[in-house]
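User: I have a model open on my screen and would like to talk through its contacts. Could you take my questions one at a time?

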Amino acid sequence: MNRPEAHQAGIRDVEFGARVRIVEPCNLYGCRIGDDCFVGPFTEIQKGVVIGARSRVQSHAFVCELVTIGEDCFVGHGVMFVNDTFSTGGPARGRKELWRETVIGNRVSIGSNATIMPVRIVDDVVIGAGSVVTRDILSAGTYAGNPARRLPAGR
């Protein structure tokens, strides 16, 4: 009988700020999590990710390499960050030079089950639940849909 190569989920090589709260099980490795943050269960935060102070990452979120999240942010349940744009017509298959970064500003709230492609999002943005962000967001406001578009004020 063949045995698979097994990797244990857990918390390793993480730089934690003060008063961070984590609900296990989760898989955090090689990342930096700022003061007063919260990380929910069944969350993966990969190597090189930086999460700013007072931010919350809810359950079942996936934060891949090359993502930076600012301070006072909210990442809803099941939010998925993507760093591979399939620029060659398929997955990068480990070719990290094909990956792209995502930078999230301060005071950004991302609704549950949103997908965030490699983009830049400025401060003070709200992303609606289930939205797919495919382009940089360069002005504060509320965005929703697939692809995410700015909603008129008051909605």
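Predicted model: local features only at pLDDT ≥ 70, side-chain atom pairs only at ≥ 80, totals over all residues.

User: How many aromatic pairs does a search of the whole structure find?

Analyst: Residues are numbered from 1 along each chain as its sequence is written, and side-chain values use heavy atoms, with hydrogens and water left out. Rings of Phe, Tyr and Trp (its six-membered ring) pair if their centres lie within 6.5 Å, with planes under 30 degrees apart counted as stacked, over 60 as edge-to-face and the rest as tilted. Over the whole structure, the number of such pairs is zero.

User: Which ring does the charged end of R56 sit over?

Analyst: A charge sits over a ring if NZ of Lys or CZ of Arg is within 6 Å of the ring centre and within 35 degrees of the ring normal. R56 has its charged end 4.3 Å from the centre of the ring in question, which belongs to F38.

User: Which residue in β5 stands opposite E15?

Analyst: β2 pairs with β5 (residues 32–33) in the parallel sense, over two bridges. Opposite E15, the residue in β5 is R32.

User: Is Q46 buried or exposed?

Analyst: Q46 is in the loop between β7 (44–45) and β8 (50–51). Its side chain makes a polar contact (N or O atoms within 3.5 Å, one able to donate a hydrogen and the other to accept it; residues adjacent in sequence count only if both atoms are side-chain atoms) with the side chain of Y29 at 3.1 Å. The Q46 side chain also reaches the backbone nitrogen of E65 at 3.1 Å. With a 1.4 Å probe and protein chains only, under 20% relative accessible area means buried, over 50% exposed and in between partly exposed, so Q46, at 12%, is buried.

User: What joins the side chain of S59 to another side chain, and at what distance?

Analyst: S59 lies in the loop between β9 (56–57) and β10 (62–63) and is buried, at 13% relative accessible area. Its side chain and that of H77 are joined by a polar contact of 2.8 Å.

Key. Pairing = 2+ DSSP bridges. Helix = DSSP H or I, 4+ residues; strand = E, 2+ residues; numbered from the N terminus.
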